[in-house]
Amino acid sequence: MKRLLIELSIGHPRWVIVLAVLLTAAFGSQFPRIHIDTDPENMLPPHEPVRVRHDEIKETFGLSDFLVLGIEREQGAFTPEILRRVEHLTQEILGMDGVVAADVIAPGEVDDITSFLVEPDATAEAAAEPAHPRRGLRVAPLMEELPTTPDAARALVGRIHDNPILRGKLASDDGQVIALFIPLEAKSYAKSVGDRILKLIEADHGDERYHLAGLPVAEDSFGVEMFLQMGIAAPIAFLAIFLLMLFFFRRPNLVAAPMIVAMMTVLWTMGALIGGGFTVHIMSSMIPVFLIPIAVLDSIHLLSEVHARYRAAESMAEALREAMDELFTPMLYTSLTTVVGFASLVLTPIPPVQVFGAFVALGVAVAWLLTMTFIPAFAMLLSPASLEKFGHAHEGLGAPHSHLHALRRFSLRRRGLVTALLAVLLGVSAYGISRIHVNDNPVFWFKPSHPLRIADRTMNEHLAGTYLAYLHLKGPEEGAFLDPAWMHYVADLQSFLESEENVGGVTSIADVVRKVQYELLDHAPSAQVVPDRRDAIAQYLFLYEASGGDPEDLFKLITPTQDEVCLWVQMPEGENRKVQHVVHAAEAWMAENPPPTGLEADWGGLAYINVIWQQKMVAGMGKALAGSFLTVLLMMVILFRSLRLGLISMVPLTITIGMTYGAIGLVGRPYDMPIAVLSSLALGLSIDFSIHFIQRFRELLAERGGDFEAAMTDLFQTPAEALARNVLVIALGFVPMFFSKLVPYVTVGVFFVAIMLISGLATFVILPALLSYLPTRSVASRGGRIVRAGVVVLLGVSLGLAAPSGSRAQTEGTPAADAPSAGMPAPAADEIAQRAHLNFYYAGDDGIAHVRMTITNKKGRSREREFVLLRKDLAEGGEQRYFAYFQAPADIKRTAFMAWKDPAKDDARWIYVPALDLVKPIAASEKKSSFVGSDFSYEDVSGRHWSEDTHRLVREEVLGDRPCYVIESVPKSEDYFVRKVSWIDRERFLPLREEY
């Protein structure tokens, strides 16, 4: 293979270059197909159990990932003017693409559970009975109207604090911060929604400060910043390496060759990744910055050797043959070991890390191939005139290798000290490694001065926490959590979690039950507990819905079948260790306090997902590092055909990994994703220097007839100079990352430079000392021959590792513009609407209906309601009385609902709660309030008065076989719908269909 590559590149340079260019164009053509994904959740494969459970929890309870917008003002954020701006901003957010408008938590959107005084004139007849108390239950938006006075604005703070469902979420206790929780249809909307919000704020703000926080916006923003930083860092690294190589070799035309190889390597690798259908994730976005320095390593060795031989050779072809023959074996092995180091990442259980490792390994192999073919072909096409002054000349004491000789002399003369120092460093490193702790937080991927970090600090200092985890509890049967024992367990678990240091607040269905009871029993302190009766719990939840509460809000805490609940755990700090501590504390509490029989518990939420993938990554990295370490050791034994030399060659690698990661443990820096990946880099590159050093030394020792001193002196000339240049080139290639705005990139840059400097210094100082202890004849080489079978096997293993694993209702009517009208003109639209209203809602003087209602939510889960509905008319088109007596399900049996309807006033409503044997008024001002948790409103049941709308006859149409008037109705004042279209039977004046 060696001879084939050498003669192909030297004998047919033009064909080699043309083929390389064509392949580059082919791979480059794949770039328009790029698919980018910056979601850390995808660090876990879709079938990973914890991710499956997380998705199931979100689906079961209709949960979304949130952005958190904070409005801060030290003098107090609850002022009429700020609340006006907040309400305007909220309305704009509700209309944004990607926002789940129905679930936005904001002062004007979130419901509050309160009691209210009944006006005497509205309940004169009912108030005469002692059984009717004067306070009722109401579930309505916290801020129904904008406050007009400072006192009214500040009063909202107290209401938020008094509601455990809102406390710590919507505002700080001191009123300095207001929070809006903005749910997203998908996390990919986070950055775009956040940017639109910031633009709205710029257009209308006062002296208050705005903060945008939350894991989704941090993760999505990181993705955008990531590619921006790569677009800046890669060209700067490219330029820096080019200038340094130009300083070394002084020939721009020749130095251009390795830079072209670097570009081709990146294009081939990324083109293969994209063309293979792989997603460009956070990890794979860093491939270009990794490959650019790595791709020029072999080029530097080759050019250094050609530079040294060119003057003495008869031609460029001869100099290339000699240099390539000399370097082929060490360059092959250094590339193979780097491939193994990166390909070991395929053994981790994290798909993006697998893709990163596989394709960097592929890129290293591509760089080696192009170095062995393109560089010689390129050099062959250069004219002799352009290389007139190219070639090695004695550069005096200022030559780089002159400084390297000082390291050689120190190593050999102080070998005992060097050996002792090595032992000490390994011991200290082992201690430091033992102190390493795994921790990460996507928000901390940004520097402390970044707006996201400032927002994170501010919001979590004032509120319950922006880091959210879900504790999911599942019972064995329907209605399990209506059992007081189960609901008490939820409340007790919630209370324990709230006592944990890193828990700012917990929300559960127990909060709703306790709040309803507290309001029903006129704020009695003893009422803030979970009741001990099953029917009371069921009726409180029913009453919540009957009083205007949105059942979909309720179902974010408990399923419609009451067999599953979800506790929302808010944490002010999102580092993995602190989140994990909360999880372990909850599990320990549940172990010490056995739950009711059949209870199952699991966790979900972004904060918890981050903990799991970090744990899996670290465990996978450890196994991958151990496996690749042993593989590289085996390769060294095969290459040098000596166990002792194989072990010695691993020393610089070992000391580099030990010192780097030992320092991490000693300084207390968390072990996170970037640092974990660096272990493979350290392994793959640190061994390169040992291979070149030992292989070339053995050859020189054989040439010098076993003279150790002479061979070592020769080694510290051109070969060591090439190694030193490699250290400087790679280190310089990562220096631009020091100035990134993203902490992981800074980390990679700093530690990569440290790895290069440590491994280079270890090679020049430790290896000479260790080699001096071996008998000369055991070190001497026979010209660098290798065990070919071993290379074939290892190459196959490496390439194997590098392979990636892999409503609107349907229209029923038939247009009948020409339908006959029996020769009579149509009545006026108002008359049609009035007659339809009277015929439908005032048929006869009274009415009775037996109703079975099946309520199915968005998730397809159903529950039943059975009741008898009675109606009594007091005046045609005027006052009515409605009475509903519920018969099923059993937990709400005997619950009764009564409404007095007066078209001139709001309805007066009462509900009888049999568990308490109490009659309580419920609010009636909200026309759109759900009727006992169904999609019907109270107005649908008792009828919207025709005079509240402006009506227009649109057309006549046949619906089924019935001729109809089609009426459009528009509210006369702002209401809960914009327009309604009704199909009114032309003969009987009954509404057959309505569309809103």
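**Figure 1. The hairpin of β12 and β13 in the predicted model.** Six residues lie between the two strands of this hairpin, and G877 adopts a positive phi near 75°. Strands are DSSP runs (E, at least two residues) and helices are DSSP runs too (H or I, at least four residues), both numbered from the N terminus. β12 (residues 862-873) and β13 (residues 880-888) are antiparallel and share eight bridges; two strands count as paired if DSSP finds at least two bridges between them. A888 of β13 sits opposite E866. The model is predicted, with local features requiring pLDDT of at least 70, side-chain atom pairs counted only at pLDDT 80 or more, and totals for chains, interfaces and linings using all residues. Residues are numbered from 1 along each chain as its sequence is written, and side-chain values use heavy atoms, leaving out hydrogens and water.

**Figure 2. The pairing of β13 with β14.** β14 (residues 896-901) runs antiparallel to β13, and six bridges join them. A899 in β14 is found opposite Y882.

**Figure 3. The open sheet β4-β1-β5.** Three strands make up this sheet, with antiparallel pairing. β4 (177-184) and β5 (209-213) are the edge strands, each pairing on one side only. From one strand to the next the twist averages 20°; axes are lines fitted to C-alpha atoms, for helices over the stretch in contact, and angles run from 0 to 180 degrees between N-to-C directions. β1 (residues 65-72) pairs with β5 over five bridges, in the antiparallel sense. The bridge partner of L69 is L212 in β5.

**Figure 4. Helices α4 and α7 on the sheet.** Five antiparallel bridges link β1 and β5. Helix α4 (residues 80-94) packs on the sheet and touches β1, β4 and β5, contact meaning heavy atoms within 4.5 Å. The direction of α4 makes about 5° with that of β4. Helix α7 (residues 190-203) also packs on the sheet, touching β1, β4 and β5, and its direction makes about 20° with that of β1.

**Figure 5. Helix α18 and its ends.** The twelve residues of α18 (residues 509-520) should span 16 Å at 1.5 Å a residue, and the end C-alpha atoms are 17 Å apart, which agrees; the expected span is 1.5 Å times one less than the number of residues. Twelve of the twelve residues are buried, that is, under 20% relative accessible area with a 1.4 Å probe and protein chains only. Among them are I509, D511, R514 and L520. At the N-terminal end S508 caps α18, with a side-chain oxygen 3.1 Å from the backbone nitrogen of A510. D522, which follows α18, has a positive phi near 55°.

Technical notes:
Buried means under 20% relative accessible area, exposed over 50%, partly exposed in between (1.4 Å probe, protein chains only). A polar contact is a pair of N or O atoms within 3.5 Å; within protein, one must be able to donate a hydrogen and the other to accept it, and residues adjacent in sequence count only if both atoms are side-chain atoms.
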